[in-house]
Amino acid sequence: MQTGPYSLPLVSVALCTYNGAAYLGAQLESIIQQSWTNLEILISDDGSTDDTIAIIKEFQQRDQRIKWFRNEINLGYNKNFEKVFSLCNADYISIADQDDIWETNKIEYMMNNWPEVSSFVYSLSGSFNNNDLSGRKPAPDVVYTAIDDVHKLVFNSPVHGHACMFKKDFLALCLPFPADIYYDWWMSMHAAATGLVGCIPKTLTWHRVHDSNSSRKIMVISDKGERNEELRKQSAWFIECFCNRGLLKAEENASLLKYAALLKQMDGHSFSLPMFRYVFKNRKRVFH
């Protein structure tokens with residue numbers, strides 16, 4: 001375990017940027033103010049054309065823990081995170097989005113409460129709109145637990161990459177990241193299939209909701225029917241890709257592939273008795 005000149009283990013903060021000038025400064029401020037001081041802050045920029053690089057350079061002058069890299073070609077969201085993760089030197093990696101704000105004790109709290117049996121851990125994420133941090137809302141008031149069943153991540157995942165940390169040696173299991181599947185879902189599925197997704201049930205990240213969020217591409221489709229159709233197609237594709245990894249037991253694999261097939265059969269208008277039966281049979285997993 002690396003400690004460097006500090007008594008605390010080294011933690012890598014992995015941050016990806018792309019035209020994030022509007023909100024990046026607030027996020028970097030919350031990172032450099034972390035109470036866990038033994039950090040390396042690695043930033044991979046995906047070819048920004050706004051003032052993102054100027055902001056990064058400004059913060060680097062203030063904090064020498066910041067190192068940044070710029071891609072010669074645009075890699076896209078997933079491949080950029082794959083790159084920055086590979087550049088990390090620490091045994092523990094904390095994922096950062098360019099537009100969120102962290103509690104100043106985020107890394108300290110997660111490191112001090114790390115579930116020993118987990119290589120991938122999620123904390124909770126609250127949200128706020130645009131610049132209205134005063135109106136932020138904490139994570140929903142439900143019981144959050146560790147996850148060892150991939151069905152739970154497929155039906156209703158509480159895991160958001162920007163609120164997660166993982167051990168670097170876990171990364172090799174998940175690579176390469178598919179270009180069109182959210183890397184955090186992909187990683188959490190690998191963790192649940194091979195062990196346990198650890199849980200730290202405390203809101204430590206404030207997720208900024210705005211029109212340019214990379215995760216909102218489908219959600220901004222105005223027509224509800226079209227939006228739901230795209231979501232069903234996306235979910236079925238995600239499931240089929242993961243099932244091809246060969247990590248699941250036969251029963252789990254067959255169950256998820258059946259769910260994917262049922263999603264593709266739905267038209268968004270007619271009641272699906274087969275889907276109703278499937279959900280009822282798996283109700284403890286669906287409504288976990």
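**Ground rules.** I am working with a predicted model, so I number residues from 1 along each chain as its sequence is written, and I ask for pLDDT of at least 70 for local features and 80 or more for side-chain atom pairs, while totals for chains, interfaces and linings use all residues. My side-chain values use heavy atoms, with hydrogens and water left out.

**The whole chain.** I looked up the secondary structure and found 11 helices and eight strands. Both are DSSP runs numbered from the N terminus: helices are H or I with at least four residues, strands are E with at least two. Next came the radius of gyration, taken over C-alpha atoms and compared with a globule rule of 2.2 Å times the number of residues to the power 0.38. For 288 residues a compact globule would have a value near 19 Å, and the chain has 19 Å, so the two agree. I also noted that the C-alpha trace spans about 60 × 40 × 40 Å along its principal axes.

**Contacts.** I count a contact when heavy atoms are within 4.5 Å. Among contacts between residues at least 6 apart in sequence, 78% join residues at least 24 apart.

**Aromatic pairs.** Rings of Phe, Tyr and Trp (its six-membered ring) pair if their centres lie within 6.5 Å; planes under 30 degrees apart are stacked, over 60 edge-to-face, and the rest tilted. With that rule I get 20 aromatic pairs. One of them is W186 with F242, edge-to-face, with 5.8 Å between centres and 90 degrees between planes. This pair links distant parts of the chain, since W186 is in helix α7 (residues 183–194) and F242 is in helix α8 (residues 224–243), 56 residues apart.

Are W186 and F242 buried or exposed? Both are buried, where buried means under 20% relative accessible area, exposed over 50%, and partly exposed in between (1.4 Å probe, protein chains only).

**Charges over rings.** I use this test: NZ of Lys or CZ of Arg within 6 Å of the ring centre and within 35 degrees of the ring normal. The charged end of R283 sits over the F280 ring, 4.2 Å from its centre. R136 lies over the face of W206, at 5.2 Å from the ring centre.
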